[in-house]
Amino acid sequence: MSREGASGRKQAVMFGAGNVGRGFLGQLFAESGYRVVFVDIDELLIGALAADQRYTLRLVDNDGQQDLTITPVTGLLATDTDAVADALAETSIAATAVGARALAHIAPVLAAGVARRQERGFEEPLNIIVCENLKGAAAILRGLVAEHLEEAQRAYLDGHVGFVNTVIGRMVPELPASLRAENPSLIIAEPYKELPVDAEGFVGPVPCVVGMEAHEGFALFTARKLYLHNAGHAILGYLGYQRGYEFGYDALADPEVRSVLEGALAESARGIAACYGADPAWLQAHVDDLLRRFDNRVLQDPIRRLARDPLRKLAPEDRLVGAARLAERAGLEPVHLATGIAAALAYDQPDDPMAVRLSRRIADEGLPQVMDAVSGILAGEPLGALVLRAHAALMQA
């Protein structure tokens with residue numbers, strides 16, 4: 001049985017109508033011939049999507065802008081469990097982009113949709129692309145959904161529902177309040193249009209979606225996103241903050257910052273190549289593309305966004321320390337990544353609660369103790385010595 005919405009058109013359900021939902025997946029689904037049903041808690045936005053059946057996606061870069069009309073779409077409030085469950089029963093593909101902390105809140109309604117599909121005897125698989133910045137997000141969401149199902153429904157879940165990991169590369173900045181007030185559904189993004197997904201997460205054939213590419217050995221793509229894209233943004237954020245810049249592209253234009261950034265990305269790329277068997281030329285091409293995209297001045301990506309929440313970004317396996325450990329395993333001395341780590345430890349933006357918390361801990365406990373507790377870096381090991389030296393240099397600058 002083919003899964004089609006009330007309009008007779010195939011349908012995709014998108015949990016989260018924010019930056020990734022409207023700014024990326026909505027476009028890919030619509031261009032693939034799907035009617036997109038957005039599910040969100042934002043009443044104003046959902047009302048606009050349901051009334052207009054379309055929204056504007058503005059793609060911008062240094063060469064200009066292009067306004068796309070994304071249609072047909074509609075919106076459902078996440079609290080309307082019955083309507084959302086019905087929508088899930090009428091689709092073969094869905095996606096989530098709600099934020100890692102909100103997965104537990106959407107799990108019950110996803111479970112209701114799975115239960116409804118079983119009750120109606122639907123054998124066609126439902127595949128859910130999990131677009132969350134969380135390691136192992138697909139397995140985590142599957143477990144959360146299973147908690148709300150009975151035993152027979154869990155068996156149906158295992159055989160008929162795929163949970164698919166992905167990494168989101170498109171950059172979508174925060175929309176200024178003035179533009180949101182003028183047009184609640186407008187979204188602005190860069191033109192980048194690649195969606196790598198984990199081939200092993202699908203049940204049944206991989207659906208045909210514009211820009212989506214299914215790959216085996218998906219850990220490589222996760223590493224590339226975290227240790228190149230995310231690490232690069234973090235270094236721009238933390239070093240840019242130290243030098244008083246407002247936007248990421250300002251930091252990129254600083255020769256000293258760019259030198260550290262390029263060195264750090266080279267260290268990360270060599271670590272990824274050694275540990276995942278990746279083609280160095282393929283990784284370098286990605287680095288070159290990232291540097292070009294980081295210079296997108298129209299996006300106006302603020303330093304505060306790139307740098308926020310340093311405690312999370314300094315975790316042992318996250319973008320900076322994890323990249324440095326990969327470089328060490330490849331036999332490198334990660335001097336530039338250590339500078340990025342040091343700049344993150346020095347980040348004391350007073351409007352960022354995690355930055356305030358970090359700086360207070362350093363003041364109370366001392367830098368070596370916090371570096372060990374937060375990042376798993378010992379002062380006496382080679383990486384620790386590099387970080388402490390770089391931190392001292394930053395404090396004297």
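Tutor: The model is a predicted one, in which local features need pLDDT of at least 70 and side-chain atom pairs count only at pLDDT 80 or more, while totals for chains, interfaces and linings use all residues. Residues are numbered from 1 along each chain as its sequence is written, and side-chain values use heavy atoms, with hydrogens and water left out.

Student: How many residues has the largest nonpolar core, and which have the most contacts inside it?

Tutor: The largest nonpolar core has 64 residues, and Ile341, Leu345 and Val387 have the most contacts inside it. Such a core is a set of buried Ala, Val, Leu, Ile, Met, Phe, Trp, Tyr and Cys residues joined through side-chain atoms within 4.5 Å; buried means under 20% relative accessible area, exposed over 50%, and partly exposed in between (1.4 Å probe, protein chains only).

Student: Which helix gives the most to this core?

Tutor: Helix H8, residues 219–242, gives the most, with 11 residues. Helices (H or I, at least four residues) and strands (E, at least two) are DSSP runs, numbered from the N terminus.

Student: And what does Val387 touch?

Tutor: Leaving aside residues up to four places away in sequence, Val387 touches Ala338, Ile341, Ala342, Leu345, Met371 and Ile377. Contact here means heavy atoms within 4.5 Å.

Student: What does the second core include?

Tutor: That separate core has 35 residues, including Ala30, Val36, Leu68 and Val197.

Student: Let us turn to H2. Which of its residues are buried?

Tutor: In H2, which spans residues 43–52, Leu45, Ile46, Ala48 and Leu49 are buried. Seen down the helix axis, the buried residues of H2 fall within an arc of 160°, so they line one face; the arc is that of the directions from the axis to the C-beta atoms. On the other side of H2, Glu43, Leu44 and Ala51 are exposed.

Student: What covers the buried face?

Tutor: The cover includes helix H1 (19–31) and the strands S2 (35–40), S3 (55–61) and S5 (73–77).
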